Amino acid sequence: MTYILSFIIITSSIFLYAKTHDDDVYTVQYNTDNFSEEVSKKNHFVMFYAPWCGHCQRLGPIWEQLAEMLNEEDSNIHIAKVDCTVDSKVCSDQDVTGYPTLKFFKTGSTESVKFRGTRDLPSLTSFINEQLRSVDEDETVTVRVPEPMQGLTELTDDNFEKHTASGRHFVKFYAPWCGHCQKLAPVWEQLAQSLEFEPDVSIAKIDCTQFRTICNNFDIKGYPTLLWLEDGKKVDKYQGQRTHEELKSYVNKMLGSSSENIVAKKSETISTSPVMILTGDDFHHGIEKGIAFVKFFAPWCGHCKRLAPTWEDLAKKFVDNSEVNIVKVDCTLDVNKQLCNDEEVDGFPSVFLYKNGRKISEYNGNRSLEDLKEFIETHLRSHDEL
């Protein structure tokens, strides 16, 4: 919840102890000399471990991921570790009898709370959230809860499925204590407000510390994760810059892949392009005879854009061959979504070869004109031999 945000304040001093153990970049490494002093300054979640311990080794990457999310300037919790084979006194004082032992320390307190749950990222982050909430209750701090922003939809277990079942949605999966999430929050609200009257998309957010099942269903591994959903399904993960301009440009691009491309499709149909454009309505009829080399694509996909001119050149190579059709299908158009699902398109671009209406092969080779042409000619020769 947002009241936790006020506690998440951190100083750059954590980096004095980073990069001191193995390949860790973000995890704070403490020893006998500095443990007591540093732990008293801020809230800490500490892993007491031994390098040879198998459970510790398996937890290591998750612990580092947790540190990457939290050990930053606007967090007041440090993710740390102590090597008990080197600093045995610290571990003895903390009554560590097995590895790894995970303990939460509140600011200014020598008492700790031992973590006893499953050692996965959702469980660990949920535990942190509970401990920070208890800090809030202990300090009886009153925090202003911001009013909902216009245009921004707060998703929960009760409304998530119904809200996202149809239409297009840009959803922020977040945790309240995550520094990157806090930095994004005002930008996300600005995005929602600027698109308040855009009927074709909703801007939403969901707190993964409260609604873990939903976040697990979408395989959320870190915060914030920004997903584009259409009709309840994940279509794309946003990987760009988190500025208002970049985010809004992305939304416009994703929306443009539907309405704008319907117009583009009609234009291409009457153009001189040798590439055959098929849809869910005419696909099976269009590939029922001869060889069809089909590119399933999305207009916003970078790899698809790079392949596009080569695909045009490839079609020109076979323009006089009645046995070969070079085809493209835009999977972002509503009329094509079921077709792309039926054809098991799981990434863009996906390139399949069909003979007389039957899928024969998926092309996974180099996307140069020469290699694509050779692939078709190989199948064309085998087709002629039948």
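Modeller: Start with proline 224, which sits in the loop between helix H7 (212-217) and strand S9 (225-230). Keep in mind that this is a predicted model. The peptide bond that joins tyrosine 223 to proline 224 is cis. Its omega is about -15 degrees. Most peptide bonds are trans.

The loop between H7 and S9 also holds aspartate 219. Look at the backbone there. Aspartate 219 has a phi near 55 degrees, a positive value in a residue other than glycine. Most residues other than glycine have a negative phi.

Now turn to the loop between H3 and strand S4 (101-105), where proline 100 is found. The bond from tyrosine 99 to proline 100 is cis. Here omega is near -15 degrees. Aspartate 95 is in the loop between H3 and S4 too. The phi of aspartate 95 is positive, near 55 degrees, and this residue is not glycine. Is aspartate 95 buried or exposed? Aspartate 95 has a relative accessible area of 58%, so it counts as exposed, as the cut-off for exposed is over 50%.

Step back into helix H3, which covers residues 88-93 and includes valine 90. Valine 90 has a relative accessibility of 6%, so it is buried; the cut-off for buried is under 20%. What does valine 90 touch, leaving out residues up to four places away in sequence? Its partners are Asn31, Thr32, Phe35, Phe48 and Val82. Compare asparagine 34. Valine 90 and asparagine 34 are 56 residues apart in sequence, yet their C-alpha atoms are 10.0 Å apart in space.

Finish with the whole protein. There are 13 helices and 15 strands. The protein has 386 residues, and 49% of them are buried. The accessible surface comes to about 19,400 Å². Carbon and sulfur atoms hold 47% of that surface.

Note on methods: Residues numbered from 1 in each chain as written. Predicted model: local features only at pLDDT ≥ 70, side-chain atom pairs only at ≥ 80, totals over all residues. Heavy atoms only, no water. Helix = DSSP H or I, 4+ residues; strand = E, 2+ residues; numbered from the N terminus. Buried < 20%, exposed > 50% of the residue type's maximum accessible area, 1.4 Å probe, protein only. Contact = heavy atoms within 4.5 Å. Areas by Shrake-Rupley, 256 points an atom, 1.4 Å probe, with all protein chains shown as cover.
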